[in-house]
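Colleague: Could you take me through this model one feature at a time, with the criteria stated as they come up?

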Amino acid sequence: MSQFITVQVGQCGNQIGSAFWPLALHEYGIQTPNTGMNLLKTQRNHIKNISDLSDTFDSFFFVPDNPRNLCFKSITDLERAKVKARAILIDMEDSVVGELRRGPIRNLFDKTCIVTNYPGSGNNWAVGHYTHAMEYHERLEDTIRCSVEKCCRLHGFLITHSLGGGTGSGLGTAVLKLLTDDYPTVDRLVSCVYPTVAQDVITAPYNALLATKELVEHATCVFPIENESLLNICNTQLKQKNNRDQINYNSWCKPFQDMNSVVVNMLLHLTSGSRFAGSLNMDMNEIATNLVAYPKLHYIFSSVSPLSLTAPTMCNIQGTKLLDELFVNAWSRNNQLINVDPLQRNSVILSAAHIARGNCSMNDLKRNVERFRRKVSFSEWSKEAMKIGLCSVPPPGHSSSLLCLLNTSSMSLLFENLVKQFSKLYRRKAHVYHYTQVRGFEETHFLESKEIICDLIAQYAELESEKQPNISRLEIL
């Protein structure tokens, strides 16, 4: 099975990480201080073959002695076996990482894989990308190399960060470039949070634009997320009675707990085919191969159903009607992690994938894939392009779940809004001097980044207007 190293950069990236590791442990049936054994027994009993869990434990965790029969039930068992998370924690402001180091799973993190500083990057992309990246370059290289050397089947890096601040956007993309240079054949899967229009950081449009240019050039795939979409999802979930008693697995990290859990559920589902057995598993290397049709057009839309994957009771989905409802929900606006509409007029789907976990048959997938084809508009050359995956291990608390991934031209709306917000601020040259005074940064970087993103928008527009060529048949003499 594949192994993954998570790279958590900045406050947002490490807050996502604070939700990721308890939920990852929970998925393997390991008790954390906030999970009860009765719940874990219920979920373990739902797995037909318990070895499906234990055999893939090293996908996210490093066990020094690597025993054949892994039987971890609690954090204490992990500490006794000296198990460490395959995680690299990076932040130039120590608050969130400090909470992780004092939290209930503090011994899960290797101290040599933590890179912190004070007082941060000042919400300045240039400080993170040039100043801190240059200062910590050797230390970051050594930290990443040590983590890579502990892997025997490294498949990819899972990078989490935000684009609104300075460390996540600046240092996060600098680390991404470092990974590209040192490990060019290893997938770099980025889960990044885009700022909303009404953001707290006034320089967020600058940071997001400059970071997006780096993501376009150096990432294998990008799974963009918007805080506004996550907030809408959480508000909808809180209104449902069966979600009010959900267990909070990261209570020591208070900000954005539920929003981060939604992101984590998507990442765990995304990697499930590479970690667990399945009748038609979709390995992670198939994501880029099947969903990225053109270079740099690797921004992937994602939606998950059900959203409350950490439900306190087992929800058994049975019958055709309920399974079909699972698919309908995955296509709805309420389950999308980014606020773009792939079903809108003139939007075309370049490629798509549906990854199911648990109690779902091939007939269920085929039936709903046909329904999906009738709902959306594909490009002329991709009408039959639909990647599907079936993983036999369901998420904790549910018997079935679905992840929908789309490479859609409607992603251009994200870039158009980004350019609009940047132009509004840059027109007045507001706060530009904060960037130009950083060694290594030049004002032309703004214009270069804008040009690259505008080229992406133009490529999406060209694909939307593309028509099937009418080639006349050759006459046989």
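Colleague: How many salt bridges does a search of the whole structure find?

Modeller: This is a predicted model, in which local features need pLDDT of at least 70 and side-chain atom pairs count only at pLDDT 80 or more, while totals for chains, interfaces and linings use all residues. Residues are numbered from 1 along each chain as its sequence is written, and side-chain values use heavy atoms, with hydrogens and water left out. A salt bridge is taken as a side-chain nitrogen of Lys or Arg within 4 Å of a carboxyl oxygen of Asp or Glu. On that criterion, the number found in the whole structure is 17.

Colleague: Which residue meets arginine 275 in a salt bridge, N to O at 2.7 Å?

Modeller: The partner of arginine 275 at 2.7 Å, N to O, is glutamate 27. The pair links distant parts of the chain, with arginine 275 in helix α12 (residues 272-275) and glutamate 27 in helix α1 (residues 10-27), 248 residues apart; helices (H or I, at least four residues) and strands (E, at least two) are DSSP runs, numbered from the N terminus. The residue asked for is therefore glutamate 27.

Colleague: Is arginine 275 buried or exposed, and at what relative accessible area?

Modeller: Buried means under 20% relative accessible area, exposed over 50% and partly exposed in between, with a 1.4 Å probe and protein chains only. Glutamate 27 has a relative accessible area of 6% and is therefore buried. Arginine 275 is likewise buried, and its relative accessible area is 0%.

Colleague: Why are arginine 145 and aspartate 142 separated by about one helical turn?

Modeller: Their side chains meet in a salt bridge of 2.9 Å, N to O. Arginine 145 is partly exposed at a relative accessible area of 35%, and aspartate 142 is partly exposed at 37%. The separation is about one helical turn because, in helix α7 (residues 137-149), the two residues are three residues apart.

Colleague: What distance separates the end C-alpha atoms of helix α15, residues 362-375?

Modeller: The expected span of a helix is 1.5 Å times one less than its number of residues. The 14 residues of α15 should therefore span 20 Å, and this agrees with the separation of its end C-alpha atoms, which is 20 Å.

Colleague: Which residues are exposed on the other side of α15?

Modeller: The buried residues of α15 are Asp364, Leu365, Asn368, Val369 and Phe372. They cover an arc of only 120° around the axis, which puts them on the same side of α15; the arc is that of the directions from the helix axis to the C-beta atoms. On the other side of α15, the exposed residues are Asn363, Lys366 and Arg374.

Colleague: How many residues of helix α8 are buried?

Modeller: The 16 residues of α8 (residues 167-182) should span 22 Å, and the end C-alpha atoms are 21 Å apart, which agrees. This helix is mostly covered, and of its 16 residues the number buried is 13.

Colleague: What is the bridge partner of phenylalanine 301 in β13?

Modeller: In strand β10 (residues 301-305), five of the five residues are buried; Phe301, Ser303 and Ser305 point one way, and Ser302 and Val304 the other way. β10 pairs with strand β13 (residues 400-408) in the antiparallel sense over five bridges, where two strands count as paired if DSSP finds at least two bridges between them. The partner of phenylalanine 301 in β13 is leucine 406.

Colleague: Which residues is glutamine 336 in contact with, leaving aside its neighbours within four places in sequence?

Modeller: Glutamine 336 is found in the loop between α14 (320-331) and β11 (349-358), and at 2% relative accessibility it counts as buried. With contact meaning heavy atoms within 4.5 Å, the residues are Ser229, Ile233, Phe301, Ser302, Ser303, Trp331 and Pro342.
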